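Please look through the following structure with the sequence beside it.

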Amino acid sequence: MSNSGPSLVCTRMSMIVFALVLAGLGLAVRFFYIQIVQHDHYLATAQKIYTRTTPISGRWGEIFDRDGNLLVGNMPCVLVKCAPCNIPDDEKNKGAKDKIIRLVVKYFGKDYGYYYKRFEPKVLRLDHKTGTKKLVDNQYCLVANYADMQVVEAFKKELVRTFQTDEERKDGKTTAKNMPRNVFAYDIVSKRTYPKGKLLSNVLGYSNVADRNEIKPQEGLERRMKKALAPIEGKERYERALGGSRLVYGNSEVLKKSHDGKNVYLTISEPIQAIVEEELDAVVAEWNPNSAYAVVADPKTGNILAIAQRPTFNPNDRKTFKPGAISTRIAMDVYEPGSVMKPFVVGKALDWKYITPQTEFYCEKNSWFFAGWRLSDTRDYGTLTTTGVITKSSNIGTAKIAVMLGKEKTYNVLKMFGFGTRTNLPLPSESRGRFPHYKKWEEVQVSRIPIGYTMNTTLLQITRAYCALANGGKMPQLRLIDRTSNVDGSGEVTEPYAPQVQLFERKEAHEQLVDMLVTVTETGGTATRAAIPGYKVAGKTGTSRKGYSRKGFSGLYYTSFAGFVPAKDPKIVMTIMVDSPRAPGKRPGGGSVAAPVFARAAERILKYMNVPADPELLSKKRRR
């Protein structure tokens, strides 16, 4: 018998085994290639399907006053999310959806129908591969954004009680056996809050919230200091459902850590700011102006201690966000300042020895024509000395001094005091005003610009210039940001102080000018209502008519006062401007509108700063 039969079978079996081995080896090689060599490629492809990378943000920096009082902060809140597909809907848990919706309505607002629609277990989602819509599990629904933490805790407790049995409630348990699982998730987030309400709000600004709960600064320091306040963004990868929504209980991984923003400390003093704002409210109530502004500064350092405006708003209440109220108008609005400009040209004319305090000027019986235009005073002063020109605020006397200096020197004087240049405070849209080069002046402007007409400026520029007068003639750089630090208090950096430039060549001339400015607030001056018992006050009123043209003026005024106290060792400079004051039976002017604001606010501020009054001045006041 032939052995070919078994041999053939063995051969075939061997070939089959060999083929299977080859196939196995091929599969092993393929598995090795896929699992090892191409692992990263296929993992990345899979992750694109079920994961998504999103930015994550750290904590925004906060804003404080110079003493650490919180002005802009971050309030911890809760982002409440729901996975409706996990709400049970069987015979055992009948009515669970209804119970949950009623509880959500109770704590987070909206109506029943709003949540009923969004709590459907299945939703139509676009399949990006096929381009068609299909029903998928509803894995994500936003229940409440920025919910109060106490409200959320109360919701969570009542949610448990809702699904507890009578026995569980009786035993005082904090869990429920029948509690639906993986329905709600709670993320701790924060929102911008302004604990002082409208205090300093025009300077601080406000922020909105965009997609992904991202803070978007809109106005004021919130916007201008964004680079320091904003955290450095990180990255997070999270798992998502086929429909694209985030899995409430999916895994997540931080790919890049975020870093908190920096805290910003202002030069502002909260108590001084409160005093100034209270006095602004009082003048607004009395005179019903279009707007009112005030600035308080330390003349030696240039630090802004208070800066306020009306109208204003409360950044916590969107109903107060009205046009003209939310912008930092004190840096944007320009005006013809009037007589508060007079000390600068007069002071430098003294410094350059063109005049002395006793030089006399004939005031032309209240009507002086220059370059075809008539200039007048409020009354016929006859002949005045230089001191009298400042005391009585003579337009004609000041104009004659400017004409004596000429266009170029008059221009250079006002330029050296900073007019026509921004203060560079970190406020949005600060204006430089309108102060043309002297070569572009009409002939008459040399007599008008020194008295605050045919040019305009901001109250911030006026404040800076008066700081120079109060600081021995040295011009400080205004400061609003004092220092920054990390959230934990480390890495503190103080903003530098700019070098101060001496604007007076002769100390005697500066002292003579200060003495003249003191007479303005004494008997016979235009600002007696700016006087403060026990202190010598140096300052100047300003009253400029609005709507200037060859046809005349409108019936409205810019009224202002700028001054410093104590005159010989100033602790504060304060400037006030009230636009278009109106009060029945009252005549508006710098001495009647702005000067009293200075007196009331400055007296309170001096007491807060513990600046002692002069006993001799107090006794003189009593003798009167």
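Lys365 lies in the loop that runs between β15 (360-362) and β16 (368-370). The model is a predicted one, and in it the phi of Lys365 is near 55°, a positive value in a residue that is not glycine. Such a value deserves a remark because most residues other than glycine have a negative phi. Lys365 counts as exposed, because its relative accessibility of 60% is over the 50% cut-off.

A second residue with this feature is Asn424, which has a positive phi of about 65° although it is not a glycine. Asn424 is placed in the loop between α15 (407-416) and α16 (445-448), and, at 60% relative accessibility, Asn424 counts as exposed.

Another cis peptide bond joins Val565 and Pro566, where omega is about -15°; Pro566 sits in the loop between β24 (557-565) and β25 (572-579).

Ala371 is found in the loop between β16 and β17 (373-375). Although Ala371 and Val444 are 73 residues apart in sequence, their C-alpha atoms are 5.2 Å apart in space. When neighbours within four places in sequence are left aside, Ala371 is in contact with Glu443 and Val444. Is Ala371 buried or exposed, or does it fall in between? Ala371 counts as partly exposed, because its relative accessibility of 41% falls between the cut-offs of 20% and 50%.

Glu219 occupies the loop between β9 (215-217) and α8 (220-224). Its relative accessibility is 16%, which is under 20%, and therefore Glu219 counts as buried. Which residues does Glu219 touch, not counting those up to four places away in sequence? They are Leu204, Gly205, Tyr206, Ile326, Ser327 and Pro428.

How many cavities of 30 Å³ or more does the count give? The count comes to two, and the largest cavity has a volume of about 60 Å³. This largest cavity is lined by 13 residues, of which Leu200, Asn202, Ile307, Ala308 and Gln309 are the closest to its centre. The elements that give two or more residues to this lining are α7 (201-204), α10 (270-287) and β14 (304-310), and the largest share, four residues, comes from β14. By class, the lining of the largest cavity divides into five nonpolar, five polar and three charged residues.

The second largest cavity holds about 40 Å³ of space. Its lining is made by Tyr293, Arg329, Ile330, Asp333, Val334, Tyr335, Thr458, Leu459 and Met577. This lining comprises six nonpolar residues, one polar residue and two charged residues.

The cysteines call for a separate look. A disulfide is a covalent bond between the sulfur atoms of two cysteines, and the count of disulfides here comes to zero. Cys85, for example, is in no disulfide, since the nearest cysteine sulfur, that of Cys82, is 8.5 Å away, and the pair would have to be within 2.5 Å. Cys467 has a relative accessible area of 0%, so this cysteine is buried.

Finally, the protein can be taken as a whole. Its secondary structure comes to 20 helices and 25 strands. Of its 624 residues, 50% count as buried, and the protein exposes about 30,900 Å², of which carbon and sulfur atoms supply 52%. Among contacts between residues at least 6 apart in sequence, 70% join residues at least 24 apart.

Methods: Residues numbered from 1 in each chain as written. Predicted model: local features only at pLDDT ≥ 70, side-chain atom pairs only at ≥ 80, totals over all residues. Heavy atoms only, no water. 1 Å grid on protein atoms, 1.4 Å probe; cavity = no way out; pocket = protein on both sides within 12 Å on 5 of 7 lines; lining within 4 Å. Points joined across faces, edges and corners; volume = space filled by probe spheres on them. Nonpolar A, V, L, I, M, F, W, Y, C, P; charged D, E, K, R; others polar. Buried < 20%, exposed > 50% of the residue type's maximum accessible area, 1.4 Å probe, protein only. Contact = heavy atoms within 4.5 Å. Areas by Shrake-Rupley, 256 points an atom, 1.4 Å probe, with all protein chains shown as cover.
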